Amino acid sequence: MGWGRTGKAAARQRPTRPDDEWNRAIALCAGQAPLVWLAWWFAMEAGRDDYGYGGGGYLGILCVPLILPFVGLLHAAVQIAPAAALARRLSRVLPGPAWALHLTGSVLIGAGWSVPALVLWGWPVGDTLPWFAGVGVLPVLVLHSLRGRPWGGCGVWLGSAGASLALLVVCGVSAAALADDYEPPRLSSGQLVGEWRGEGGAVLRLAPGGRAELTRVPAQPDFEADQDYTRCDGTGTWARDRYGDREAVLVRLDGGCGEDTHWTISGSGQDPELFALFGDPDAGDLLILAQD
């Protein structure tokens, strides 16, 4: 019998073998994964600064079709299948159609995964719970809509892949149209004056008149140095400049530590940032300084 089939409605359906149900669940979860990724990107990244990263890293997308079956298998194993088992237990005490019980179980199990995410990685429950609970909705609903239909193993994979590709194109174009291009804040020289702090104890003090004081501030290394950046202490000068097509602060050191470094203006008017990307433009070290 299929997962979580309960009641007279299930009895009228064509029997679905457990292995068919399992295959369909994996295919549906795999097909949904690119759409979940697009939704996550739009929610988290659209309209934000890319900090000068190049596009070469996006070549990794070509590997996505190879990992989708494993993503689908993992998702089905940790949420869809356990939710079916929970639905069978719920059917003993709660009335309702099989799809509603399965959906309830999926939402509960998805919400439960937000707890280990908080404990292990510190991800806020308020951010992860809607995602973890929501990613099980579409696979469960489509899975139950396919009950009793003669969809073979290859057919459900081809259908899932085709629907995923079509929706990905439509949603991708819509997301690109709706996403606003990032606009860095326009800061005056007076707004740049002050302390800018970053990780590793970095403090960049920009004083009126163009003097700068550095404490463990990353800087471009010497030409022959075998490292992406070096940390410098000391004094120097700063001046407004342009780096590419962006406004930036050019910091020159008085001593022999490091080379001239452009710190590009980023963030927002309320929370401005300075950033520098050291090393490989596609996978280099991103260092950010926030105004204290």
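Let's start with Tyr229, which is partly exposed because its relative accessible area is 23%, a value between the 20% limit for buried and the 50% limit for exposed.

**Tyr229 and its ring partners**

- Tyr229 and Phe278 form an aromatic pair of the tilted kind, with 5.3 Å from centre to centre and 40 degrees between the planes.
- This pair links distant parts of the chain, as Tyr229 and Phe278 are 49 residues apart.
- Tyr229 lies in the loop between strand E3 (211-219) and strand E4 (230-243), while Phe278 belongs to strand E7.
- Is Phe278 buried or exposed? Phe278 counts as buried, because its relative accessibility is 0%.
- Ring pairs also bring in Trp263, giving a cluster of Tyr229, Trp263 and Phe278.

**Strand E6 and its neighbours**

- Strand E6 spans residues 261-267 and is mostly covered, with six of its seven residues buried.
- On one pairing, strand E5 (residues 246-253) runs antiparallel to E6, and four bridges join the two.
- Which residue of E6 is the bridge partner of Val251? The partner is Thr261.
- E6 also runs antiparallel to strand E7 (residues 272-278), again with four bridges between them.
- Within that pairing, Ser266 has Glu273 in E7 as its bridge partner.

**Another aromatic pair, and a buried threonine**

- How many aromatic pairs are there? The count comes to three.
- One of them joins Trp121 and Trp123, which are stacked at 5.1 Å centre to centre with 25 degrees between their planes.
- Trp121 counts as exposed because its relative accessibility is 56%, a value over the 50% limit.
- Trp123 counts as partly exposed, because its relative accessibility is 41%.
- Trp123 also touches Thr128, and so does Ser114; residues up to four places away in sequence are left out of this tally.
- Thr128 has its place in helix H6, which covers residues 125-134.
- Why does Thr128 count as buried? Its relative accessibility is 8%, and buried means under 20%.

**The chain as a whole**

- The protein chain has nine helices and eight strands.
- Of its 292 residues, 35% are buried.
- Looking at contacts between residues at least 6 apart in sequence, 56% join residues at least 24 apart.
- The accessible surface of the chain comes to about 16400 Å², and 62% of that surface belongs to carbon and sulfur atoms.

**How confident is the prediction?**

- The mean pLDDT of the protein chain is 82, and 80% of its residues reach 70 or more.
- Over residues 4-14 pLDDT stays under 50, and the model has 18 contacts beyond four places in sequence for this stretch.

Note on methods
Residues are numbered from 1 along each chain as its sequence is written. This is a predicted model: local features need pLDDT of at least 70, side-chain atom pairs count only at pLDDT 80 or more; totals for chains, interfaces and linings use all residues. Side-chain values use heavy atoms; hydrogens and water are left out. Buried means under 20% relative accessible area, exposed over 50%, partly exposed in between (1.4 Å probe, protein chains only). Two strands pair if DSSP finds at least two bridges between them. Contact means heavy atoms within 4.5 Å. Accessible areas come from the Shrake-Rupley method with a 1.4 Å probe; for residues, only the protein chains shown count as cover. Rings of Phe, Tyr and Trp (its six-membered ring) pair if their centres lie within 6.5 Å; planes under 30 degrees apart count as stacked, over 60 as edge-to-face and the rest as tilted. pLDDT is the predictor's confidence in each residue, from 0 to 100.
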